[in-house]
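Here is a protein model to go through in questions and answers. Each answer sets a value beside the rule that names it.

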Amino acid sequence: MTTIQQTREISVVGEYDVVVCGGGPGGIMAAWAAAKQGAKVAVIERYDFLGGMATNAYVNPISVFNYNGRRINDGLPWKFVERLIEVGGAREEKPLGNITFSPEKYKLIAQRILLEEGVTLYLNSYITGIEMDGNVIKYVIIDNKNGAEAIAGKRFIDATGDSDLAAMAKVPMQPMTGKTQPPSLIFMLANVDTDTLPMIRHSQQGVNYHDLRIRDLFTKLREEGKEDMPTFGGPWYCGIMAKGIALVNMTRMQANMIDNRDQTLASCTLREHAHRYTELLRKYIPEFKDAELIATGIQTGVRETRRILGAHTLTGNEYLNAQDFEDAVARGCHPVDIHSAQSTEQTCSFMKDAGFVPYRSLYNPEFPNLLVAGRNLSADGVASASLRVMASVMGIGQAAGTAAALSLKENTPVSGVDTTELRDILLGYGTNLKN
């Protein structure tokens, strides 16, 4: 392979206490929490809006806030939901606490919250490199319309989902056994009879909200060869607070979403599939007979990529048995949800009680100023198959941002944070950390 070398002088355009890489649900909460602790915070986001999978991939609803009659994901994540509800941008599906939301109002409330807290936003900016002193990250390099720019930080939070920052820093990653879960491109349909769709409000605990009527029919049509039909999952669908609009989640294929060529192939292929499934839904499902495809996700939705190898790897056994930890800082209660790329199959295991996330799963002790906030935490394939969803990620982000600011106050590496004080702050926000 032919290579080239470049030498660049890059201006340092900002210096911050905490630099959050990624403006999705985890990054928003991390930045908010760090700012509330008095830190000077910046967020780097590659799109020109915040929200991550919620707004660029149309993942809806925000799952799951309540379990066994209790609010599990509370604190700043729930305050975010309340702000959305105040502007007519969200609805709680009781009693489970899934949140149906407007992607546009999500973008608006996210930027309002962070700007109110004095957070600096670097939107339309792609992280292309880092500068380190040993294992300490000193600068992240971003590229945008201004060219290459450097941002200095004392603490960094990887909220990219894919561990992009951690990978650049050469943080060890979890060994991946077998193929990762498949990506899906969610598509938005107008002129849908949303009043009669049976599974559009994801409200009840212990229910997989895929529409079996559609699933069984499409499986039969596929097996009998009556329709040219790509592999599908679910299907699941959800509203967006607007009558006649539905988001449909059913496309899937095998792809390594941290490889650009695989990512490109997946996006092109799944876009074809979205159009094909729109045709099939119009043809066979009465509620969709007048449906029109008005948008596909700006980004193909990603379920699984790199996860760091942290001070503690949270196992499925620990998580499913709701094992408590002295340093527990977040929780999750979504089913363990594992999708197959080769078939329509899905493993969906419901939890007896909400699981716990230890703080030690948010860092590798060899990297003193780096934390993760999201599905890239140190967990095995089972635990992460539940914790990867947005409400859990928001709770993890809240913990990471608080810990980053606290480590600065205590003048200690992130591994040395006083977890009793960290938990006290999180409990003060209203976070549920007790069985």
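Q: Why is Phe 218 called buried?
A: Phe 218 has a relative accessible area of 0%. Buried means under 20% relative accessible area, exposed over 50% and partly exposed in between, with a 1.4 Å probe and protein chains only, so Phe 218 is buried. This is a predicted model, in which local features need pLDDT of at least 70 and side-chain atom pairs count only at pLDDT 80 or more, while totals for chains, interfaces and linings use all residues. Residues are numbered from 1 along each chain as its sequence is written, and side-chain values use heavy atoms, with hydrogens and water left out.

Q: What makes Thr 194 buried?
A: The relative accessible area of Thr 194 is 13%, and the limit for buried is under 20%. Thr 194 lies in the loop between strand S11 (187-190) and H6. Helices (H or I, at least four residues) and strands (E, at least two) are DSSP runs, numbered from the N terminus.

Q: Which residues does Thr 194 touch, not counting residues up to four places away in sequence?
A: Thr 194 touches Ile 200, Lys 243, Gly 244, Ile 245 and Ala 246. Contact means heavy atoms within 4.5 Å.

Q: What makes Tyr 16 and Tyr 122 an aromatic pair, and what is its kind?
A: Rings of Phe, Tyr and Trp (its six-membered ring) pair if their centres lie within 6.5 Å; planes under 30 degrees apart count as stacked, over 60 as edge-to-face and the rest as tilted. By this rule there are 11 aromatic pairs. Tyr 16 and Tyr 122 are 6.2 Å apart, centre to centre, with 85 degrees between the planes, and the pair is edge-to-face.

Q: Why is the pair of Tyr 16 and Tyr 122 said to tie together parts that are apart in sequence?
A: Tyr 16 lies in strand S1 (residues 11-21) and Tyr 122 in strand S7 (residues 120-122), so the parts tied together are 106 residues apart in sequence. Both Tyr 16 and Tyr 122 are buried.

Q: How do you know that Phe 218 and Phe 232 form an aromatic pair?
A: Their centres are 6.3 Å apart, and the 90 degrees between the planes make the pair edge-to-face. Phe 218 is in helix H6 (residues 212-223) and Phe 232 in strand S12 (residues 232-238), 14 residues apart. Phe 232 is buried, with a relative accessible area of 0%. Ring pairs link Phe 218, Phe 232, Tyr 277 and Tyr 284 into a cluster.

Q: How do you know that the charged end of Arg 71 sits over the ring of Trp 78?
A: The rule asks for NZ of Lys or CZ of Arg within 6 Å of the ring centre and within 35 degrees of the ring normal. The charged end of Arg 71 is 3.6 Å from the centre of the Trp 78 ring. Arg 331 lies over the face of Phe 356, at 4.0 Å from the ring centre.

Q: Why is H3 called oblique to H10?
A: The axes of helix H3 (residues 76-86) and H10 come within 8 Å and cross at roughly 120 degrees, which makes H3 oblique to H10. Axes are lines fitted to C-alpha atoms, for helices over the stretch in contact, and angles run from 0 to 180 degrees between N-to-C directions. Angles under 35 degrees count as roughly parallel, over 145 as roughly antiparallel, 65 to 115 as roughly perpendicular and the rest as oblique. Leu 76, Pro 77 and Phe 80 in H3 meet Met 394, Gly 395 and Gln 398 in H10.
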